[in-house]
Amino acid sequence: MYNGIGLQTARGSGTNGYAQSNTFFVKPRPRSTTSGGGPGRPHRPLPPDAAGADGGGMRKPNKEILEHDRKRQVELKLLVLRDALEEHGYTEDEIEERVAEARKAAEAEAAAAVAAEEAGSGRGAGRPPLPVRGLDLSWPRRR
């Protein structure tokens, strides 16, 4: 036994008797009114880069990642088109020509979508509102 910790003897314990301290144990700090972050006490404010510009909690998506995802979607559509044309028996030159035309059209469509998204990037932009069918707003309901 060392400093009152561990076994007096390792015989019959199935261990070698080596005692270790628990390094993951967090000692409770004394309570004070100035420190924050504990239960029932005020929390520290988030750093400015962790929250959105309006203090929401959602950050703006990275434009480069969104652009890369759009390019991946375009290439996926082109690959599906190429496979379909190969199955229909088109020659390699015809396939290349049609895929090039489809690529130009898809890139133009993606550029238009980006421009429309940038134009409507103000407050409230995003998904269109859901359609309301048969919603009766009269409250309370009278019979």
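**Reading a helix pair**

Modeller: In the chain, residues 24 or more positions apart account for 25% of the contacts with a separation of 6 or more. Please keep in mind that this is a predicted model.

Colleague: How many helices and strands are there in the chain?

Modeller: The chain has two helices and zero strands. Helix α1 covers residues 63–87 and helix α2 covers residues 92–119.

Colleague: At what angle do the axes of α1 and α2 cross?

Modeller: Angles over 145 degrees count as roughly antiparallel. Here the two axes come within 10 Å and cross at roughly 150°, and α1 and α2 are therefore roughly antiparallel to each other. Their crossing is right-handed.

Colleague: Which residues make up the largest nonpolar core?

Modeller: A residue counts as buried under 20% relative accessible area, and a nonpolar core joins buried residues through side-chain atoms within 4.5 Å. The largest such core has six residues in all: Val74, Leu78, Leu85, Ile95, Val99 and Ala106. Each of α1 and α2 supplies at least two residues of this core. Across the chain of 143 residues, 7% count as buried.

Colleague: With which residues is Leu78 in contact, leaving aside its neighbours within four places in sequence?

Modeller: With those neighbours set aside, Leu78 is in contact with Val99, Ala102 and Arg103.

Colleague: Where is the place of Arg82, and how many residues apart in sequence are Arg82 and Glu92?

Modeller: Arg82 lies in helix α1. Arg82 and Glu92 are 10 residues apart in sequence, and their C-alpha atoms are 9.6 Å apart in space. Leaving aside neighbours within four places in sequence, Arg82 is in contact with Glu92, Ile95, Glu96 and Val99.

Key. Residues numbered from 1 in each chain as written. Predicted model: local features only at pLDDT ≥ 70, side-chain atom pairs only at ≥ 80, totals over all residues. Heavy atoms only, no water. Axes fitted to C-alpha atoms, helices over the stretch in contact; angles between N-to-C directions. Helix = DSSP H or I, 4+ residues; strand = E, 2+ residues; numbered from the N terminus. Parallel < 35°, antiparallel > 145°, perpendicular 65-115°, else oblique. Left-handed = near helix turned anticlockwise from the far one by under 90°. Buried < 20%, exposed > 50% of the residue type's maximum accessible area, 1.4 Å probe, protein only. Contact = heavy atoms within 4.5 Å.
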